[in-house]
Amino acid sequence: MASKMHGAACGRCWGDAVILSLIIGYTRHSLRHISRAILLPAVSFEAIILGTGSALSEIHFGSSAALPWRDGIVLIDCPDAILRALAHASKRSGRALDAMRITDILVTHLHGDHVNGLETIGWKRWIAKLNGLGSVPRLHTIEPVARRLWERLGPAMDQNGTLQLADYFDLRIIPVGVPTRVADFDVEARPAEHLIPGCGYRISQGGATLGWSGDTRFDPAHIDWLASADVIVHETSESRVHTPIECLNALAPELRKKIRLVHMEDNFDQAVTDMVPLTEGEVLAVPPR
Ligand SMILES: [Zn+2]
């Protein structure tokens, strides 16, 4: 009888089953929400630091980084000896940074310590494309920089007037103030005050944001714009067209905590500040782990 009742699901068991399924359902529901709450803030991306030096450095690569993503690598600037810088950072970080995997390049401005490597990457990828290997990288920047890009590269790359910028790079303009998709990042640009046209970037993915000042004189409005980022990479050099460290030292402590330094002179004294200089090959997590 008892087994018959259980076969047909007696009222008490049915009630227990309903309560049990409610508990399981509620627990699953709660776990899903709890795990999302736990997991969401942990979403982050990495910036592998390629170079930290100023334009006159004798020992460091030019200030730049590589952002690995699902289908390749986004570069922030492309300095001298870019292939060596990638190999060096790859070895130190343990991350694969092959120039053939560069899908996108974000250019801040056209000073050589930020873009002299474009010629190398341009040639390498153009030759590879001729051999049926992949396509040329997308190159993103603001319009005033883009307008002068081929003026700078053309005399070395136009092959006696037979080739154009599009043979080497797929140029994309980032409109100022308009979030723009670059690989799987959302990127915003803001013009920076420097000797020539240039910009800083806010680069976001999964709710995490990296702020990158680009070369700029000390500009509180630029820093305000960068302040919403989880990590801010800010340049510093002792020059009126750059940002002296004393200016950054005067910022609020909460802001200083988010700032990592780049573009230092070789004799930069770390003891003069509580902000930590980046190192070449460092894996910078955004947000910090
Ligand atoms: Zn510069």
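1. Gln159 is exposed, because its C-beta has 11 other C-beta atoms within 10 Å and the cut-off for exposed is 12 or fewer. In this predicted model, Gln159 sits in the loop between H6 and strand E6 (170-173). Its phi is positive, about 45 degrees, although Gln159 is not a glycine. Most residues other than glycine have a negative phi, and most peptide bonds are trans.

2. Helix H6, which Gln159 follows, covers residues 143-157 and has 15 residues. From its first C-alpha to its last, H6 reaches 21 Å, close to the 21 Å expected at 1.5 Å a residue. The helix also bends by about 25 degrees at Leu149.

3. Ala81 is partly exposed, because 16 other C-beta atoms lie within 10 Å, and partly exposed residues fall between the cut-offs of 12 or fewer for exposed and 20 or more for buried.

4. The peptide bond that joins Val286 and Pro287 is cis, with omega about -5 degrees.

5. As to the overall composition, the chain has nine helices and 14 strands. Of its 289 residues, 38% are buried. Among contacts in the chain with a separation of 6 or more, 60% are between residues 24 or more positions apart.

6. Strand E1 (residues 45-51) is largely enclosed by the rest of the structure, since six of its seven residues are buried. E1 is joined to strand E14 (residues 283-286) by four bridges, and the two run antiparallel. Within that pairing, Glu46 has Ala285 of E14 as its bridge partner. E1 also pairs with E2 in the antiparallel sense, over three bridges; here the bridge partner of Ile48 is Ala66.

7. Strand E2 (residues 64-69) continues the arrangement: five bridges join E2 to E3, and these strands run antiparallel. Ala65 stands opposite Ile76 in E3. The two strands form a hairpin, with two residues between them.

8. Strand E3 (residues 72-76) is mostly covered, with four of its five residues buried. Besides its pairing with E2, E3 is joined by four bridges to strand E4 (residues 102-106), and E3 and E4 run parallel. In that pairing, Ile73 stands opposite Ile102. Together with helix H3 (residues 82-93), E3 and E4 make a right-handed β-α-β unit.

9. The largest nonpolar core has 62 residues, of which Leu50, Ala66, Leu75 and Leu106 touch the most other members. Strand E1 contributes the largest share of this core, five residues. Leu75 touches Ser64, Ala66, Ile102, Ile105 and Leu106, not counting residues up to four places away in sequence. In soluble globular proteins, nonpolar side chains tend to be buried together.

10. A separate topic is the open sheet of seven strands, whose order is E7-E8-E9-E10-E11-E12-E13 and whose pairing is mixed. Strand E7 (180-182) and strand E13 (276-277) stand at the edges with a single partner strand each, so one side of each has no neighbour in the sheet. Inside this order, strand E10 (residues 208-212) and strand E11 (residues 231-235) pair in the parallel sense over three bridges. One of the residues involved is Gly211, whose bridge partner in E11 is Ile232.

11. Ser239 lies in the loop between E11 and helix H8 (245-249). Ser239 is partly exposed, because 14 other C-beta atoms lie within 10 Å, which is between the cut-offs for exposed and buried. Ser239 and Phe218 are 21 residues apart in sequence, while their C-alpha atoms are 9.8 Å apart in space.

Conventions: Residues numbered from 1 in each chain as written. Predicted model: local features only at pLDDT ≥ 70, side-chain atom pairs only at ≥ 80, totals over all residues. Pairing = 2+ DSSP bridges. Expected span 1.5 Å × (residues − 1). Bend = angle between axes of the 7 residues up to and from the residue. Right-handed = clockwise from strand over helix to strand, strands pointing away. Contact = placed C-beta atoms within 7 Å. Core = buried A, V, L, I, M, F, W, Y, C linked by C-beta atoms within 7 Å.
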